[in-house]
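Q: Can we go through this model together? Start with the terms, please.

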Amino acid sequence: MGSHSSEMSDSRTAHPASGSLARDQSILKLALGALAIVFGDIGMGPLYAFREAFTGHHPLALEALHIYGVLSLIFWAMMLVVGGKYLTIIMRGDNRGEGGSLALLALMGGKNAGKRWGGGLVMLGVLATALFFGDAMVGPAVSMLGAVEGLSIVDPSLRGWVIPLAVFLLIFLFLIQRSGKIRIGAFFGPVMLLYFLVISVLGVLSILQSPQILWALSPHHAVQFFMAEPLRAFLALAAVILAVAGAEALYAFMGRFGRRPIGISWLCFVLPALMLSYLGQGALALRGGEAVMTNPFFLLAPAWFQLPLLIIATLAAIIACQAVIWGAFSVTQQAIQLGFMPRLRIDHAAGSSVGPVYVPVVNWALMIVVVLLVLTFGTVSNLTAAYGVAVGGAMLLDTCLLAVLLLSFWKWNKLLALLLVGIFFAIDLLFVAATLTKFMEGGWVPLAISGVAFILLTSWAKGRALLIAQMRETAMPVQVFVKSAVGEATRVPGTAVFMTTSPEGVPHALLHNLKHNKILHERIVLLTVSILDRPYVGEQERVKYEDLGAGFYRIILRYGFREDTNVPQALEKVTTCGPPFRMIETSFFLARQTLLSSENPQMAPWREKLFAWMLRNAETAMQFFRLPTNRVIELGSQVEI
């Protein structure tokens, strides 16, 4: 989702003009990186998905019908959801190479009948962001607990250390985010490769003892399960969905790795490894009965290898959690740039605009909620009720986006498009309905988190739209101001940059400055930062300027929604508006709005107060746009909405 490593980005773009060997090596390197970041989440499924069907809130009897049926459902869910919906179709809908729900919504918004955002697309964007945070807070807790619970298999007397160890590892992981020194490098990929190889070998060893389990790959076992026991098969879907949790990461991280490397990783490494592990657990269940269902993942290993397996699984869980954290930072950055969230502090590794971003508020919020979830729920079985609902909601939203994509943008044959969308909607709705049967057991948690996020984000989107509209309505035309002010005000040396959200009219800060100080600088720049509906903007397209006469200029700096908005850096490259910009001779004037209650409010009073609170606590424009602190002047203004 976000920019995670300059090494990774360079490896994708630095292909030689000739030499297929170098290209193949680059693709394999990206495929190895994708193992860690793209497939970390879905790779944790064998720790709990199969077991949950037989020991969870709606446990199945350990019979051949159920074992074969669950395995068949898992396999075909992977084929249809991961291979069919995401890898084959959705990943074709990139925004100039970038994937993810917000990237796709930005692309759609840019083509929406000349309007940047339609009401429905804004709502989809808000829902995508809200559901993501619900998912991101539950996922790390499930992954870490699922791995660390193996401690009780290695030594039952250590059962009491499971939760303390999981909490310690999670807190440690969140604490080191601030350093910005975590890299995919030569560690994450090989560890995940080792993890997938180990679970493959353990699965094969178990399958060799009960090779008949391979028949579970046939879809007739899933059909037979539904026909024989439709209610139990339906309830089992709440466990089956855990096997495809993280499938949306294929699309979200497409811009970082590319479609082909992700496809290679899935088909050559991940899918075979996961299915061998699930089939191995099924074979073990056929042989061992109820005793092995305490934790079939770890019981696949001989006693002497259970401790090494615990270490490998825990390292894999840490990597999976790190991928989710990076994803949360990246989605936050995109949501801020696209106007779905208030400005928050965003740091870059080593102060660079290229590399993994770090969002302190999101980091600490995630840490608090994830740790509370571990302490409150205590076991993976309890947490999976919450996780399933979060995963189902995210998958359903992606199908909504797919419907818009096929019918409105790609203009597919309507019959074919409706058939495909209908199949995916049916699958997603069955999954969501099954997970909602666990609503009281924890399914309400991600919905509550998403609900709070939805209220905050919709209040921000509504308030921001009203605020911008009100400021545009009261803005004075530039030409009128230039003609009336030039002759009256004293001109002083230097450059004044007045930042404004609107590329039209006179900024309020300029009017207030003239009113109170009665001076104008020799060069006055009306500066607007515009975030476009694509991830990156070339330097040749960065600056758009207009000479307004009398030393007045309007500059629009254009950025993609994945880029860092460093205004001084961009201005120093501008050579078309008089002499070069020198920060020591440039003053930046910002307007800070204070909201007043209107006699005819267009928002509910409580939402207006909520928006005002978010506006007050948002990152200042000075910090967000990297303005020099000793060259900024803030002027207050009052606005009714």
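A: Two strands count as paired if DSSP finds at least two bridges between them; strands are DSSP runs of E, at least two residues, and helices are runs of H or I, at least four, both numbered from the N terminus. This is a predicted model, where local features need pLDDT of at least 70 and side-chain atom pairs pLDDT 80 or more, while totals for chains, interfaces and linings use all residues. Residues are numbered from 1 along each chain as its sequence is written, and side-chain values use heavy atoms, without hydrogens and water.

Q: OK, in what order do the 6 strands of the open sheet come?
A: The order is 5-6-4-3-7-8, with mixed pairing. Strand 5 (543-549) and strand 8 (632-640) are at the edges with a single partner strand each, so one side of each has no neighbour in the sheet.

Q: How many bridges join strand 4 to strand 6?
A: 8 bridges, between residues 519-531 and residues 552-559, and the two strands run parallel. Ile531 is opposite Tyr559 in strand 6.

Q: Switching to helix 18, which residues are buried?
A: Taking buried as under 20% relative accessible area and exposed as over 50%, partly exposed in between (1.4 Å probe, protein chains only), the buried ones are Pro360, Val362, Asn363, Leu366, Met367, Val370, Val371, Leu373, Val374 and Phe377.

Q: Why are they on the same side of helix 18?
A: Because they cover an arc of only 165° around the axis, taken from the directions from the helix axis to the C-beta atoms. On the other side, Val361, Leu375 and Thr376 are exposed.

Q: And what follows helix 18?
A: Gly378, with a positive phi near 80°.
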